[in-house]
Amino acid sequence: MRHIISLLLENESGALSRVAGLFSARGYNIESLTVAATEDPTLSRMTLVTRGSDEIIEQITKQLNKLLDVVKLVDLTEGAHIEREMLLIKVEATDGAREEVKRLSDIFRGRIIDVTDRAYTIELTGTGDKLDAFLQTLGKAGIIEVVRSGPSAIARGDKGLHL
Amino acid sequence: MELTGAEIFVRCLRDEGVEYVFGYPGGASLHIYDALYKQDEVKHVLVRHEQGAAHAADGYARSSGKPGVVLVTSGPGVTNTVTGIATAYMDSIPIVVFSGQVATSLIGNDAFQEVDAVGITRPCVKHNFLVKDVKNLAETIKKAFYIATTGRPGPVVVDIPKDVTAHKTEYHYPKSVSLRSYSPVTKGHSGQIRKAVDLIMQAKRPMIYTGGGVILGESSKQLTEFVRLLGYPCTNTLMGLGAFPATDPLFVGMLGMHGTYEANMAMHECDVLVAIGARFDDRVTGELSKFCPHARIVHVDIDPSSISKNVPVEIPIVGSVDNVLRDMIKLVKESKQRPDKAALQAWWKQINEWRSLECLKYEHSDKVIKPQAVLEKLYELTRGDAFVTSDVGQHQMWAAQFYKFDKPRRWINSGGLGTMGFGLPAAIGAQFAHPGETVVCVTGEASIQMCIQELSTCKQYSLPIKIVNLNNRYMGMVRQWQEFFYDRRYSHSYMDALPDFIKLAESYGHVGMQIDKPSDVEGALKEAFKLKDRLVFMDFITDQTENVYPMIAAGKGQHEMQLSPCRRDTSAERELA
């Protein structure tokens with residue numbers, strides 16, 4: 001099953017490689033991983049998407065908790081949560097396609113954030129499924145470049161992951 | 001007053017109570033070595049290869065319970081310690097390795113003797129640090145010792161760039177440190193402990209299986225009390241030998257691949273298994289699908305990730321073995337329930353039947369030295385009271401089977417990583433920790449050559465280690481597997497072109513002996529132990545084709561042990577078949 005594991009990490013060099021190294025050393029897979037500093041500059045927040053049986057996920061969380069750089073950890077998929085991913089995409093926009101791409105982008109509530117006479121750059125956020133659907137709709141033909149952030153996620157409700 | 005980083009380093013060790021540092025100098029650690037030279041509180045032991053330093057610190061730690069300390073230079077200095085660090089990591093041994101590093105301004109430039117020490121050691125340390133500012137040095141060192149010695153112990157590496165050892169700052173060694181992301185559990189969950197004791201008291205065929213955690217947690221006294229209170233059978237893993245007295249009738253021997261028949265059969269047949277400070281290693285469980293089919297399992301461990309890793313557990317208890325055992329003893333004493341006497345009697349009757357097979361018996365010989373006979377004699381002559389280090393292979397298994405350890409920290413071997421070359425440097429560490437005691441290194445002619453250079457260290461520090469070399473001219477365990485599973489194709493397992501070990505020992509300034517007659521074994525050992533202030537290298541020319549029995553082959557369960565040919569025609573095995 002797919003799990004989203006959220007971590008508060010010490011914002012120190014090497015912390016990321018400890019996490020990544022753990023996954024490669026023990027043969028766990030990482031589907032995606034995003035990380036950035038939080039409002040507390042000594043902490044980073046990491047969102048890690050992985051797949052595995054219950055036993056493997058249990059080991060993953062235990063092993064992650066063992067790392068000294070991991071301050072807190074929660075498996076968001078255990079409760080209600082919201083996940084969002086951002087897509088930046090550069091698409092050919094010439095002649096008839098120019099209007100069509102704009103229309104599709106509007107339907108998906110994308111925003112055109114850069115324009116040239118040959119291309120649009122579109123920003124789109126949503127769940128991974130939504131981004132997949134948008135890419136599928138556009139088709140391969142006109143795509144110049146795709147950048148996906150990987151999901152970030154947060155639990156629903158008023159409780160938060162903090163110290 | 002401001003001190004240099006190098007001076008601070010030495011002060012930190014002093015204030016941490018470090019007695020010995022095992023090391024080897026080099027460019028990046030020169031400032032530190034200069035600071036060591038100017039004092040005499042922290043003693044430095046010069047090894048001949050950095051691997052030896054790591055193993056020596058490890059042997060020091062295993063035999064004393066205090067953290068071992070290593071000091072090496074950058075680049076090859078630290079890469080040479082990696083095997084030793086991994087060895088300590090697999091067996092959860094507290095060592096702190098300090099490595100010199102090129103100056104901070106050079107890091108990342110492929111400078112001379114530069115290596116990413118933190119990166120290279122990351123997968124085999126509990127934690128590691130690169131100190132970039134002298135202001136953080138003392139605190140980092142305190143953290144390193146704290147992390148290495150608390151919770152599930154393990155090696156910690158501290159990489160110190162050369163300029164940091166030259167920069168100056170005020171010295172202050174913190175009394176304690178706390179890390180927000182690290183707070184090892186100590187007390188076990190009282191509800192879980194209650195549940196566990198309830199189950200334990202109901203057992204009809206109980207088994208207590210304990211590992212290295214009991215020794216690391218200094219809990220053999222509690223374990224012994226707990227087992228004797230219940231009258232249940234107890235087995236130890238290879239790492240756990242000595243935690244429960246081997247001469248106690250409740251002890252059924254080591255379990256696992258080369259454990260005793262009775263221990264493994266009792267594991268297979270038990271209805272309640274109490275695992276304490278053990279991690280269900282593959283060499284213990286055999287084929288997992290056949291492991292303890294009837295047992296409800298209680299597992300006590302300080303490391304949550306050890307629990308239900310290989311074997312699902314019904315009652316997990318996370319906590320220090322020491323505390324949990326105390327709590328369990330208390331509950332057992334308070335409990336109105338008593339162990340089921342009739343069931344226990346029947347269980348012991350069964351176990352004693354398995355025992356009567358005498359699975360460790362071997363064919364004696366008056367023509368060729370049987371390795372087992374050497375170990376039996378060694379046990380007898382040292383009255384089971386020596387610190388015994390070993391390398392890896394057949395000799396290691398025989399030592400584990402035939403030397404009966406009644407006390408913890410006497411049996412020092414590389415169980416997890418299985419590092420050949422460990423024995424001699426580990427003996428150095430053990431001898432430093434216990435200067436007046438008998439330290440024996442049981443080894444083989446293949447293993448001993450992997451760190452043979454440390455004979456020179458032994459000479460320099462006059463260490464009277466006794467080396468028992470079981471020389472069968474083979475990598476015995478490799479040969480045994482080739483005999484069993486590769487149709488006797490002995491691919492590259494023969495040790496040819498061996499040195500003359502007598503001359504070798506003598507050239508290092510030690511005493512060398514060669515023993516090739518069974519009748520000379522006892523005399524040679526006695527003579528060696530009489531030489532109280534000399535290292536004696538005893539080269540026993542042993543039976544070339546002796547195998548370690550009994551054995552659980554790959555894919556087999558604990559109840560499917562292969563017995564020694566000389567034990568196979570007994571009734572117990574017929575019944576088994």
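The model is predicted.

**Where the chains meet**

Chain A gives 16 residues to the contact, and chain B gives 13 residues. H2(A) supplies the largest share, five residues.

**Strand E3 of chain A**

Strand E3 covers residues 43-51 of chain A. Eight of its nine residues are buried, so by the cut-off of 20 or more other C-beta atoms within 10 Å the strand is mostly covered. E3(A) pairs with strand E1 (residues 2-10) of chain A and also with strand E2 (residues 30-37) of chain A.

| Strands | Sense | Bridges | One pair of residues |
|---|---|---|---|
| E1(A) and E3(A) | antiparallel | nine | A:Leu7 and A:Met46 |
| E2(A) and E3(A) | antiparallel | seven | A:Leu33 and A:Leu48 |
| E17(B) and E18(B) | parallel | five | B:Cys441 and B:Ile467 |

E2(A) and E3(A) have a further link. A hairpin of five residues joins them.

**The open sheet of chain B**

Chain B holds an open sheet of six strands. Their order is E16-E15-E17-E18-E20-E19, and the pairing is parallel. Which strands stand at the edges? They are strand E16 (411-412) and strand E19 (511-515) of chain B. Each has a single partner strand, so one side of each is left without a neighbour in the sheet. E17 (residues 439-444) and E18 (residues 466-471) of chain B are neighbours in that order. In this pair, B:Cys441 stands opposite B:Ile467 of E18(B).

**B:Cys270**

B:Cys270 sits in a loop of chain B, between helix H12 (261-269) and strand E12 (272-276). Is B:Cys270 buried or exposed? B:Cys270 counts as buried because it has 26 C-beta neighbours inside 10 Å, and the cut-off for a buried residue is 20 or more.

What does B:Cys270 touch, leaving out residues up to four places away in sequence? Its contacts are B:Arg205, B:Pro206, B:Met207, B:Cys292, B:His294 and B:Ala295. One of these, B:Met207, is 63 residues from B:Cys270 in sequence. In space, the two C-alpha atoms are 6.1 Å apart.

Note on methods:
Residues are numbered from 1 along each chain as its sequence is written. Chains are lettered from A and ligands numbered from 1 in the order in which they are written. This is a predicted model: local features need pLDDT of at least 70, side-chain atom pairs count only at pLDDT 80 or more; totals for chains, interfaces and linings use all residues. Two residues are in contact if their C-beta atoms, placed from the backbone, lie within 7 Å. Helices (H or I, at least four residues) and strands (E, at least two) are DSSP runs, numbered from the N terminus. A residue is buried if 20 or more other C-beta atoms lie within 10 Å of its own, exposed if 12 or fewer, and partly exposed in between; C-beta atoms are placed from the backbone. Two strands pair if DSSP finds at least two bridges between them.
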